[in-house]
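The tour below goes from one selection to the next.

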Amino acid sequence: NSILRGGLVLAEAGIAPARDGQLILAHRNSSIYHAREHLWAFSAAQFGPGTAAYTAWATPLNATLETQGVAPILEALAACPEDAARDPAEARIHARYFHHQRSNPR
């Protein structure tokens, strides 16, 4: 993994100037990682952490995130009744992230 700092990519082998492709890749990887955090956090809030439903809901969405983006997640969120969530306030926080991504893609 590379870390972007001030226009430089800090790679395991050393520091090299960031090229446009590296910057995009670093940003894309960071965005996907962040989306996955929200995906699993929503699932935990909706179904309870570590439950079979938690894993069954998030696993296929996690697998398609890189290739299909947030569209399948938004469809799955729409099918989750808010009043059935284990922690509705926490579920709303993580659902908002995906609605924001749809409105403001990077």
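**Stop one: helix α2**

Select α2 and pick out its buried residues: Tyr 54, Trp 57, Ala 58, Leu 61, Asn 62 and Leu 65. Keep in mind that this is a predicted model.

Now look along the whole helix, residues 52-68. Where is the kink in α2 centred? Centre the view on Asn 62: the kink there is about 30 degrees. Asn 62 is also one of the buried residues of the helix. Then move past the end of α2 to Gly 69, which follows the helix and has a positive phi, near 70 degrees.

In soluble globular proteins, nonpolar side chains tend to be buried together. Next, select Leu 39, Phe 42, Trp 57, Leu 61, Ile 73, Leu 77 and Phe 98; of the 20 residues in the largest nonpolar core, these touch the most other members. Colour the helices separately: α1 (20-47), α2, α3 (71-78) and α4 (88-103) each supply at least two residues of this core. Which helix gives the largest share? That is α1, with five residues.

Stay with Trp 57 and show what surrounds it. Apart from neighbours within four places in sequence, Trp 57 is in contact with Leu 39, Phe 42, Ser 43 and Phe 47, and also with Ala 76, Leu 77 and Cys 80.

**Stop three: the salt bridges**

How many salt bridges are there to find? The count comes to two.

For one of them, select Arg 36 and Glu 66, whose closest N and O atoms are 3.5 Å apart. This pair links distant parts of the chain, with Arg 36 in helix α1 and Glu 66 in helix α2, 30 residues apart.

Arg 92 lies in helix α4 and Glu 82 in the loop between α3 and α4, 10 residues apart. Arg 92 is partly exposed, with a relative accessible area of 33%. Glu 82 is partly exposed as well, at 41%.

Terms used. Residues are numbered from 1 along each chain as its sequence is written. This is a predicted model: local features need pLDDT of at least 70, side-chain atom pairs count only at pLDDT 80 or more; totals for chains, interfaces and linings use all residues. Side-chain values use heavy atoms; hydrogens and water are left out. Helices (H or I, at least four residues) and strands (E, at least two) are DSSP runs, numbered from the N terminus. The expected span of a helix is 1.5 Å times one less than its number of residues. The bend at a residue is the angle between axes fitted to the seven residues ending there and the seven starting there. Buried means under 20% relative accessible area, exposed over 50%, partly exposed in between (1.4 Å probe, protein chains only). A nonpolar core is a set of buried Ala, Val, Leu, Ile, Met, Phe, Trp, Tyr and Cys residues joined through side-chain atoms within 4.5 Å. Contact means heavy atoms within 4.5 Å. A salt bridge is a side-chain nitrogen of Lys or Arg within 4 Å of a carboxyl oxygen of Asp or Glu.
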